[in-house]
Amino acid sequence: MFFRFAVLCLGILAVNGQTIKWWSTATLYQVYPRSLKDTNGDGVGDIKGITESIPHFIQSGIDCVWLSPIYKSPMKDFGYDISDYLSIDPIFGTWEDFLELSNALKAAGLKLVMDFVPNHTSDEHDWFIRSVNREDPYTNYYIWKDSLGLDANGTQIPPNNWLSAFAGSAWQWNDQRQQFYLHQFTVGQPDLDFRNPLVLQEMKNILRYWLDNGVDGFRIDAPPHIIEQIDFLDEPLTNDPSCPENQFCQLNHIYTMNQPETLDILREFRQVIDQYQSETGRVIVLMSEPSNLHNFTMSYYGTEQDPIMDFPFNFNLIYDLPAETFAIDIKAALDKWLLDMPTGKVANWVTGNHDLPRTRSRFGIDDGEFALSLYMIRMLLPGVSVTYYGEEINMENTFVSWQETRDPQGCNAGPDLYQKYSRDPARTPFQWNSQNLAGFTTGSTSWLPVNPNYVNLNLEDQMSSIRTEFTFYQRLAEARKSNTIRFGSLEYKSINNDVFAFTREIQADDKYLVIVNPNDIEVRVNVRAAFPQLPEIGLVYLSTLGLTTTANDPIILSDVILDARGGLVVNF
Ligand code: NOJ
């Protein structure tokens, strides 16, 4: 097939008459703002630090930066508790710093996506303070319920058994209003009532505000939680013996999550985006966290006639790959997204984020090799690829002691269980160089500890040698810019238990073959038998660092040797 490309207008490309939007083949880079770069020495990353990182973004070959929240916040959930959606928290900088960042990104040709947190505000948000006082129109902005009376100790009894995702009751008694409010996350994050049209309107106005200020899209936080079943019934117990007391896993969340009305609310957000796009001609991306239920996640996409999200994040390469992963697991993870995604939609691939252990720390033996193999898969499949800051240098989880633990989910779990629940290990400072505190801060402390391995694992060192994790990442990002990886066809297979492989092809351009061995022993495989259309000999484009074969080495496809957990990209 002959591919004809034409640039139609800002952010849209036509391929064979079909419009391709800028985000549909983009490499997105998630910044956790507290941890990228601190320029004022207070130990917390800031907006100026993000602006200073733009040369790094350019060298990494990314297209778009997604910022976890930088809005005004008491930081009980480190920015996911917002007390003013329209201003910047001073810990991160000023409005001028934001404009400077936004302009500098634009000048560098990079897009900017903001986090959007509609489910809850901070308990310090003006709406909540007024709601506590029953001041209209804010009286019913939140989910307020009466107590069921007093227990034997004289404590107010909450309206039902609902639990917070961060452990303990999801209800908090408010003495002043003499009612309970719902909080599905920390006590400092009261849930908004999306059955109140004024709340929906407020949220739509917020989207519009940031669009008017030049942002290129949003990542919607916690959509499964956005609306609750109206009868407020107790949720059934899971009776899971491995679930600790009071933890979220005690209940089957049939009334607090994944309610059908969720889609109506997401559609309203879509409408704001569509209207803005048609008014301005700009192309905006709307993406969201997934649901815990696969089919519900797929419904976030909507359909070709009734589009909702551009894409919900695909966490299959996280949740569906066990510590001991086989080729068939990788194939199944791909199938589950690609076969179930509605027609005409764009896929996306995520291997890590600020809520989950880092990629290289999820698979038992930590030699970093399998993480690199997974980055190969994530970056060379069709669709959007999302990099979590630090993955480009293959950072690993950092040990964070109980005393140093900051994440509310870790703190609520207590000293015995915090390691199972805390998200801090994946949120530690970016490792820029081998100077004190990894060059993260100009000060003498950092809000979370720097991983002691920064002495050997840091960007500066990786940039000064030819074959490192960072140069590996750069090669992947470079391949993503080719027509083959952007628009080429995909064929994938688990060749046997040990070898997962896929090809990307487009006529008249280079072809790519990706081969990965998830096993912890070396394997030898005849790849040609599985992909007979490929020539017998190709050239190595990229290899994981444990392999002795390197770029431009010829490779005989009928006899490929892959080291334990290693991967190869071959070019034809
Ligand atoms: C999901 C976010 O990713 C997480 O970090 C946050 O704690 C919760 N939503 C609550 O906003």
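## Asn258 and the loop between β12 and α6

Asn258 lies in the loop that runs between β12 and α6. In this predicted model, Asn258 is buried, with a relative accessible area of 12%, because buried means under 20%. Along the chain Asn258 and Asn292 are 34 residues apart, while their C-alpha atoms are separated by 8.5 Å.

The loop between β12 (217-220) and α6 (261-280) is also the place of Ala222. Ala222 counts as buried too, at 3% relative accessibility, and its phi is near 50 degrees, a positive value in a residue other than glycine. Most residues other than glycine have a negative phi, and most peptide bonds are trans.

## Other backbone features in loops

Leu437 is placed in the loop between α11 (408-421) and α12 (459-464). The phi of Leu437 is near 55 degrees, which is a positive value in a residue other than glycine, and Leu437 counts as buried at 15% relative accessibility.

A feature of another kind is found at Pro137, whose place is in the loop between α4 (126-132) and β9 (144-145). The peptide bond that leads from Asp136 to Pro137 is cis, with omega near 5 degrees.

## The ligand and its surroundings

The ligand sits in the largest pocket. Around the ligand there are 13 residues, and of these Asp77, Asp221, His354, Asp355 and Arg423 come nearest.

For Asp355, a polar side-chain atom lies 2.5 Å from an oxygen atom of the ligand. In the side chain of His354, an N or O atom is 2.8 Å from an oxygen atom of the ligand, and for the side chain of Arg219 the corresponding distance between an N or O atom and a ligand oxygen atom is 3.0 Å. Taken alone, the ligand exposes 300 Å², and the protein buries 97% of that area.

## Two helices of twelve residues

Helix α10 covers residues 369-380, and its twelve residues should span 16 Å at 1.5 Å a residue; the C-alpha atoms at its ends are 17 Å apart, which agrees with that expectation. Twelve of the twelve residues of α10 are buried, so this helix is largely enclosed by the rest of the structure. Among the buried residues of α10 are Glu369, Phe370, Ser373, Tyr375, Arg378 and Leu380.

Helix α13, residues 469-480, also has twelve residues, which at 1.5 Å a residue should span 16 Å, and the distance of 17 Å between its end C-alpha atoms agrees. Nine of the twelve residues of α13 are buried, so α13 is likewise largely enclosed by the rest of the structure. The buried residues of α13 include Glu469, Phe470, Thr471, Phe472 and Tyr473, and also Leu476, Ala477, Ala479 and Arg480. An α-helix has 3.6 residues a turn, so residues three or four places apart point the same way.

## Separation along the chain and in space

Glu52 is found in helix α1, which covers residues 47-52. Glu52 and Leu101 are 49 residues apart in sequence, and from C-alpha to C-alpha they are 8.8 Å apart in space.

Trp171 is found in strand β10, which covers residues 171-174, and Trp171 is buried, with a relative accessible area of 4%. Trp171 and Phe218 are 47 residues apart along the chain, and their C-alpha atoms are separated by 29 Å.

The place of Lys511 is in the loop between β18 (500-505) and β19 (512-516). At 25% relative accessibility, Lys511 counts as partly exposed. Between Lys511 and Thr297 there are 32 Å in space, C-alpha to C-alpha, and the two residues are 214 residues apart in sequence.

How values were computed
Residues are numbered from 1 along each chain as its sequence is written. This is a predicted model: local features need pLDDT of at least 70, side-chain atom pairs count only at pLDDT 80 or more; totals for chains, interfaces and linings use all residues. Side-chain values use heavy atoms; hydrogens and water are left out. Helices (H or I, at least four residues) and strands (E, at least two) are DSSP runs, numbered from the N terminus. The expected span of a helix is 1.5 Å times one less than its number of residues. Buried means under 20% relative accessible area, exposed over 50%, partly exposed in between (1.4 Å probe, protein chains only). A residue is near a molecule or strand if one of its heavy atoms lies within 4 Å of it. A polar contact is a pair of N or O atoms within 3.5 Å; within protein, one must be able to donate a hydrogen and the other to accept it, and residues adjacent in sequence count only if both atoms are side-chain atoms. Accessible areas come from the Shrake-Rupley method with a 1.4 Å probe; for residues, only the protein chains shown count as cover. On a 1 Å grid over the protein atoms alone, a cavity is a set of points where a 1.4 Å probe fits but cannot get out, and a pocket is an open set with protein on both sides within 12 Å along at least five of seven lines; lining residues have an atom within 4 Å of a point. A molecule sits in a cavity or pocket if more than half of its atoms lie within 2 Å of its grid points.
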